[in-house]
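Hello,

Here is the structure I promised to pass on to you. Please have it open while you read the notes below.

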Amino acid sequence: MTEPKKLFIKTYGCQMNVYDSERMVEALGGNGYTQVDSADKADMILLNTCHIREKAAEKVYSELGRLKELKDVNPDLKIGVAGCVAQAEGKEIMARAPVVDLIVGPQSYHRLPQMEKAVQRGERAVDTDFPEEDKFDTLNKRPRATRGPTAFLTVQEGCDKFCAFCVVPYTRGAEVSRPKERILREAADLVAAGVREITLLGQNVNAYHGHDEGLAGLIWELADIDGLERIRFTTSHPNDMDDELINAHATCEKLMPYLHLPVQSGSDKILKAMNRKHTRDDYFRLIDRIRGARPDLLLSGDFIVGFPGETDQDFEDTLDLIRQVNYGQAYSFKYSTRPGTPAAEKPQLPDDLMDDRLQELQALLTQQQRAAQDGMVGREVKVLFEKAGRMPGQMIGKSDYLHAVYVEAPTDVKGQVRTVRIVESSRNSLGGVLV
Ligand code: 5AD
Ligand code: SF4
């Protein structure tokens, strides 16, 4: 038997890239590759890149500079760039970085097996098409190998919203939903391999239209799979939160009480300039309806500070929205100019002003996150155990609200959902005892 070839894949950015990386590993499995966790043992290295904010390409070039040293030692090493930087700047990367053997975009990585063969013949391979065929049709069924109790599953890709700051509609393309039959089959395979929690992924996941009854219809069918205990989904756009999905949060026990619903800004003027197509008031009313359906739901969001034209008052409006909504989790970013997006044409705000605003906004969000986490102390929550902790005898899992929870427990709780009483709240996690 020939030695398996070793593949090291480094993933940047969002959860969909994590999912894509898994599928790339599976795709190259057929060419005799197994995944390794270090670049210096590898026969092939793939960088699965993210283009959402500035310096994405610079990061890739500096990583390629480091990898060149490995290739100097091992000339047979193959290096590839995948993901959204490959999609947006693949041809320039090929021209600027001779060390790169392969460029593959997020919609064409099912062609990796043929591309790898071409690379082994000494060719350089580039594929950044948006092909007619569905990559998921070509990719193998996901293997039944044992795996952790949680998994991502892409159900929808791309975006038609064209927020003025965002590259996603250009790098991932137009909105496409996978047919529900394929998703249900993939979910059943995952559950048969030990998965207990599935997070449905899409750049605009709640715009999913592969089921007559939208994402809620898909969630209800997934909930019928025995052995699947938890369902989550991310990322949602406020304008696609329909009644059925809100209702599912009230009535579907397997759907977890956590929702990532980015608003980006609390200023009507900025929301309009961002092309978000809703007002702050629309968002407030929506949150009221969602909390009406599921009062304990933990809400998460994304915020951008320093969008072109943002005044002190606009920024105050964002802080005010955050105070009113009260987030249990949130991600916040300085506005970053993305070439080719409409906002890139507008005058930029000074960097130090953006830094100050980001700091103030993050202080407020951190305070809310801590309060939400501290509020769990004394409560009984359900935890799905995922792995052993650093301390002997300790196991780690996630609560329904996605808080990390550490518990002294036997290793066989892995993969089980157990009731835990929360006894302490530390910086980024909770400590509890099995009930
Ligand atoms: N600058 C800063 N943040 C951005 N995001 C997307 N594009 C940009 C940009 N140009 C943020 C948004 C989005 C999250 C995934 O990344 O908040 O919801
Ligand atoms: Fe980007 Fe807006 Fe689409 Fe989200 S909804 S992916 S922020 S364009």
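How much area do domain 2 and domain 3 bury between them? The two bury about 1500 Å², with 55% of it on carbon and sulfur atoms; buried area is the accessible area (1.4 Å probe) that two parts lose on being put together, summed over both.

Before going further, a word on conventions. This is a predicted model, in which local features need pLDDT of at least 70 and side-chain atom pairs count only at pLDDT 80 or more, while totals for chains, interfaces and linings use all residues. Residues are numbered from 1 along each chain as its sequence is written, chains are lettered from A and ligands numbered from 1 in the order in which they are written, and side-chain values use heavy atoms, leaving out hydrogens and water.

Back to the domains. The chain is divided into domain 1 (5-127), domain 2 (135-374) and domain 3 (380-434), with bounds from an automatic or database domain assignment. The centres of domain 2 and domain 3, taken over C-alpha atoms, are 25 Å apart. Their contact (heavy atoms within 4.5 Å) takes 16 residues from domain 2 and 20 residues from domain 3. On the domain 2 side, Pro149, Arg230 and Gln373 lose the most area to domain 3, together 41% of what that side buries.

- A polar side-chain atom of arginine 53 is 2.9 Å from an oxygen atom of ligand 1.
- The side chain of aspartate 302 places an N or O atom 2.6 Å from an oxygen atom of ligand 1.
- A polar backbone atom of serine 336 lies 2.8 Å from a nitrogen atom of ligand 1.

Taken alone, ligand 1 exposes 400 Å², and the protein buries 87% of that (Shrake-Rupley method, 1.4 Å probe).

Finally, a detail of the backbone: the peptide bond from threonine 234 to threonine 235 is cis, with omega near 5°.

Best wishes

Methods: A polar contact is a pair of N or O atoms within 3.5 Å; within protein, one must be able to donate a hydrogen and the other to accept it, and residues adjacent in sequence count only if both atoms are side-chain atoms.
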